[in-house]
Amino acid sequence: MHKPKRNPVRIIKNLIILAGCVTAFFWMFFDILKRETVVSHDASVLVMGTNATFKPFEYKESGQVVGFDVDLAREIAKELGAELKIEDMSFDGLLPALEGGRIDLAVAGMSVTTEREKNALFSEPYYQATQRIIVPEDSKIFNKSGLIGKKIGVQLGTTGDILASEISGAKVVQFPAVPNVLQELASGRVDAVILDDAPATQYITAFTGLKVLSSPIGNESYAIAMKKSNYTLKEKVDQAINRMKEDGRMDALLKKYFGETR
């Protein structure tokens with residue numbers, strides 16, 4: 001029997017298709033590795049996710065995202081030999097963005113909580129914060145117990161959101177950004193607001209007739225969040241933060257934005 005003749009054109013086409021498939025698979029695999037941890041694969045870009053409505057940590061000035069967290073992330077990127085890229089997004093979208101590999105770090109005045117630790121790795125703490133109650137100047141609310149049964153404004157997904165949900169009989173109204181929350185309070189559509197102390201102090205100056213109560217209702221640590229499996233990046237970020245604490249750069253940032261160290 002004669003063997004069927006092979007068509008050389010068809011063979012070449014099949015080889016081209018095979019080569020294309022192998023190349024596509026390689027780039028897909030490389031992309032997965034790159035998303036797993038940018039730095040460990042010597043990539044030149046470190047992607048920071050944030051929510052630029054949290055002055056003085058992250059906010060917009062002349063169209064650029066600036067603030068304490070941005071300066072902190074730039075120093076870390078320098079330590080790691082990478083260029084910093086900033087992605088501005090909703091606060092409650094930061095952890096899903098980490099999980100999906102769209103960002104490498106979430107640096108957004110994010111408090112470390114047990115619930116968040118289920119979905120992300122956290123760096124060494126870099127800032128100690130407190131939660132405060134903001135009310136109209138003529139308010140009869142003087143402390144946390146005065147919030148029972150009240151309408152409380154919060155930024156969606158924040159620690160203030162969690163604290164408000166634990167207050168008996170309170171109706172929690174969530175907003176995407178700090179200025180939105182304070183605008184609702186100034187307009188009388190909520191009775192009180194729970195916010196982190198530094199942003200509360202910064203933003204309240206733009207609203208007349210509001211005050212921050214002196215008694216804090218919670219203390220917490222801010223840290224940088226990373227993808228749950230990204231231990232390599234966490235180790236590098238921790239080392240960078242500790243070096244900044246040791247050589248005075250962290251104190252310099254605190255003085256720049258708060259006028260004091262903490």
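1. I start with P56, which is placed in the loop between β2 and β3. Please keep in mind throughout that this is a predicted model. The peptide bond that joins K55 and P56 is cis, with omega at about 10°, and this is a detail that a reader may wish to look at in the structure above. K55 lies in that loop too, between β2 (53–54) and β3 (58–61).

2. Once its neighbours within four places in sequence are left aside, K55 is in contact with A198, P199, Q202 and Y203.

3. The next point concerns S62, which lies in the loop between β3 and β4 (64–66). Although S62 is not a glycine, its phi is positive, at about 55°. S62 is exposed, because its relative accessible area of 78% is over the 50% limit.

4. A177 is found in the loop between β10 (171–175) and α6 (178–186). With a relative accessible area of 8%, A177 is buried, and apart from neighbours within four places in sequence it is in contact with T53 and Q155. The C-alpha atoms of A177 and S90 are separated by 8.2 Å, although the two residues are 87 residues apart along the chain.

5. S139, in the loop between β8 (127–136) and β9 (151–155), is buried with a relative accessible area of 12%, and its side chain reaches the backbone nitrogen of I141 at 3.0 Å. N230, in the loop between β14 (225–227) and α8 (231–247), is buried with a relative accessible area of 3%, and its side chain reaches the backbone nitrogen of L233 at 3.3 Å.

6. As for the chain overall, there are nine helices and 14 strands, and 45% of the 262 residues count as buried. Among the contacts in the chain with a separation of 6 or more, 70% are accounted for by residues 24 or more positions apart.

7. On confidence, the pLDDT of the chain averages 88, and 82% of the residues score at least 70. Over residues 29–37, however, the pLDDT is below 50, and beyond near neighbours in sequence this stretch has nine contacts in the model.

8. Turning to open space, the largest pocket holds about 200 Å³. Which residues line the largest pocket? The lining is made of F91, D92, L94, L95, P96, M110, T113, E115, R116, N119, G157 and I162. Both α3 (94–99) and α4 (114–117) supply at least two residues of this lining, and α3 gives the largest share, with three residues. Sorted by class, the lining of the largest pocket has six nonpolar, three polar and three charged residues.

9. How many cavities of 30 Å³ or more does the structure hold? The structure holds one such cavity, and the space in the largest cavity comes to about 40 Å³. The residues that line the largest cavity are F54, F91, G109, M110, S111, R116, T158, T159, D196 and E220. By class, this lining has three nonpolar, four polar and three charged residues.

Note on methods
Residues are numbered from 1 along each chain as its sequence is written. This is a predicted model: local features need pLDDT of at least 70, side-chain atom pairs count only at pLDDT 80 or more; totals for chains, interfaces and linings use all residues. Side-chain values use heavy atoms; hydrogens and water are left out. Helices (H or I, at least four residues) and strands (E, at least two) are DSSP runs, numbered from the N terminus. Buried means under 20% relative accessible area, exposed over 50%, partly exposed in between (1.4 Å probe, protein chains only). A polar contact is a pair of N or O atoms within 3.5 Å; within protein, one must be able to donate a hydrogen and the other to accept it, and residues adjacent in sequence count only if both atoms are side-chain atoms. pLDDT is the predictor's confidence in each residue, from 0 to 100. Contact means heavy atoms within 4.5 Å. On a 1 Å grid over the protein atoms alone, a cavity is a set of points where a 1.4 Å probe fits but cannot get out, and a pocket is an open set with protein on both sides within 12 Å along at least five of seven lines; lining residues have an atom within 4 Å of a point. Grid points are joined across faces, edges and corners, and a volume is the space filled by probe spheres set on the points. Ala, Val, Leu, Ile, Met, Phe, Trp, Tyr, Cys and Pro count as nonpolar, Asp, Glu, Lys and Arg as charged, and the others, Gly among them, as polar.
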